[in-house]
Amino acid sequence: MDTISLPSTMSRKRPALISFLPSTIVKKRRTTMARKGPSVSMGMKETTTILDLPLDLSALILDRLDRRDLNSMSLVSKSFLSVSSTYVHKLTFSYLLSFRIFTKLVNRFPYVKEITLSCLAIDHALNAISNSCLNLDTLRLIEPFCYPDEQTLQNISSSRLRNLKSLQLNRICCSYTARPDQEMMIQFIQLFPLLIDLDLSTGIRWDDDWIRKLTEKFPNLRKINLHGNKGLTDVALTALSANCFTLQEVNLNYCRGLTPQGICTLLRRSPQLTSLEFPRFKIDVATELAEALPFAKKLNHLSLKVAMRGDRILSAIARTRPQLTSFKFDHSYATDMIDEYTMSGLNQLFKACRGLTRLELTLPRIGSGILDREMSRLVKHLSHLKHMEILSSLSGHRTLFSLIRNCPSLETIEMRTASFFPKNCHNLSRKITAFDLSGSIHLRTN
């Protein structure tokens, strides 16, 4: 495990060593030590412990520990701290710590690549990170925070922190003392000129003009998350496609000011795009998709939320035969029972996209028994599937067995609102590591 979440206080008590070590590691051996006289000898005992092992062998042993044990082991000695710290790549701070404690913790784990800060005052945290030997790739700032002062900004600009690759400002909102506006946030983001991943979701409401200014400063952006920015229009998408030539992943969930035409224009103008999440549309987007998808030859993940004409949309996707490996289709917003969404549309999609490894679906509203029978037949086309999530009143007996029989790479199954599953279903396949059947009203297990 490579993540440690640190609370506001840490216990100073050192844990007992040894209880988890295999018996072959700690052993006793007898040696004979000769004195100067030829006839005098003395038997002595020596103990070989894990501390005597080479560092690489100790690392292999510690690699089998979970997060809590690894955190405890790092407190045993400097040797264990040196070995265990190589496996800690993420730190999460959920509470405000003093500058001294925070600095000590940051310096204790020199191999950390990602830090998450969820506290109001971040000045001392950013200063401690700037003054450390860390070479971070990702910095996540969550919840309200005061805009950093000038001294903190100068420290960042002259430290390794300016080499940051990913900055996530999700759920950032105003603090009670200082509210950062778009201009201030752009100045802050500009401190990291090498950014390729930017998360601006569900926080300050960005508008088209600020997105244009931001993308002009970062032409090498590869991933941007604009989730929840309801004020954006197609003008922002035009700026994205015009300024960011290497754009690969875009999340537009809940960007209600966008139109299908604007998003499909982004698809046509961004040939490097590999992942796209659409906002929810209450209109038919099949025509626009059919025209734009052939331009996105590298697209492998597509997420759609639609409220009507599901079959037309799925057929339009199937006709373009995209090289999708991940597909999410949410049709739960439909209000009309006759919503033109049937298993026929899914049949066309599955036959056209046989390379899918991840699939999340809201199934059509038809009889539960018919739905189970049809779905068990269709999943035979998905031999590469690894993760399956179904939201439906599906009686999943046949579907479950068909998935296990026809999808040898399957690892996780989520059928949260299914109405029936057989006894001991979690023991049906050893390759499946996770079942989530929490909504099954007739689930029976030992």
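Residues are numbered from 1 along each chain as its sequence is written. Because the model is predicted, local features are reported only at a pLDDT of at least 70 and side-chain atom pairs only at pLDDT 80 or more, whereas totals for chains, interfaces and linings use all residues, and side-chain values rest on heavy atoms, with hydrogens and water left out.

The protein chain contains 15 helices and 17 strands, where helices (H or I, at least four residues) and strands (E, at least two) are DSSP runs numbered from the N terminus. Of the 446 residues in the protein chain, 48% are buried; here buried means under 20% relative accessible area, exposed means over 50%, and partly exposed covers what lies in between, with a 1.4 Å probe and protein chains only. Among contacts (heavy atoms within 4.5 Å) between residues at least 6 apart in sequence, 70% join residues at least 24 apart.

Confidence is expressed as pLDDT, the predictor's confidence in each residue, from 0 to 100. The protein chain averages a pLDDT of 77, and 74% of the residues score at least 70. Strand β10 (residues 249–251) has the highest confidence, at 96, while strand β2 (residues 27–34) has the lowest, at a mean of 39.

Two packed helices are described by the angle between their axes and the distance between the axes. Axes are lines fitted to C-alpha atoms, for helices over the stretch in contact, and angles run from 0 to 180 degrees between N-to-C directions. Helix α12 (residues 310–320) packs with helix α13 (residues 343–352) at an angle of about 20 degrees, the two axes being 8 Å apart. That angle makes α12 roughly parallel to α13, given that angles under 35 degrees count as roughly parallel, over 145 as roughly antiparallel, 65 to 115 as roughly perpendicular and the rest as oblique. The crossing of α12 and α13 is left-handed, a term used if the near helix is turned anticlockwise from the far one by less than a right angle, with right-handed used if clockwise. On the α12 side, Asp311, Leu314, Ser315, Ile317 and Ala318 meet Gly345, Leu346, Gln348, Leu349 and Ala352 of α13. The residues of this contact of α12 with α13 comprise six nonpolar, three polar and one charged, where Ala, Val, Leu, Ile, Met, Phe, Trp, Tyr, Cys and Pro count as nonpolar, Asp, Glu, Lys and Arg as charged, and the others, Gly among them, as polar.

In a second pair, the axes of helix α9 (residues 234–243) and α10 come within 9 Å and cross at roughly 5 degrees, which makes α9 roughly parallel to α10. Asp234, Leu237, Thr238, Leu240 and Ser241 of α9 meet Gly262, Ile263, Leu266 and Arg269 of α10, and the residues of this contact divide into four nonpolar, three polar and two charged.

Helix α5 (residues 123–131) is mostly covered, seven of its nine residues being buried. These buried residues are His124, Ala125, Leu126, Asn127, Ala128, Ile129 and Ser130, and the elements that cover them include α4 (99–108), β5 (114–117), β6 (138–141), α6 (150–157) and α7 (182–189).

Tyr254, with a phi of about 60 degrees, is placed in the loop between β10 and α10 (260–269) and counts as partly exposed at 35% relative accessibility. Arg321, with a phi of about 50 degrees, lies in the loop between α12 and β13 (326–330) and counts as exposed at 52% relative accessibility.

Lys305, in strand β12 (residues 301–306), counts as buried at 6% relative accessibility, and its C-alpha atom is separated by 6.8 Å from that of Phe278, 27 residues apart along the chain. Glu216, in helix α8 (residues 208–217), is partly exposed, with a relative accessible area of 45%; Glu216 and Cys244 are 28 residues apart in sequence and 7.9 Å apart in space, C-alpha to C-alpha. Ile370, in helix α14 (residues 368–378), counts as partly exposed at 43% relative accessibility, and Ile370 and Met343, 27 residues apart in sequence, are 10.0 Å apart in space, C-alpha to C-alpha.
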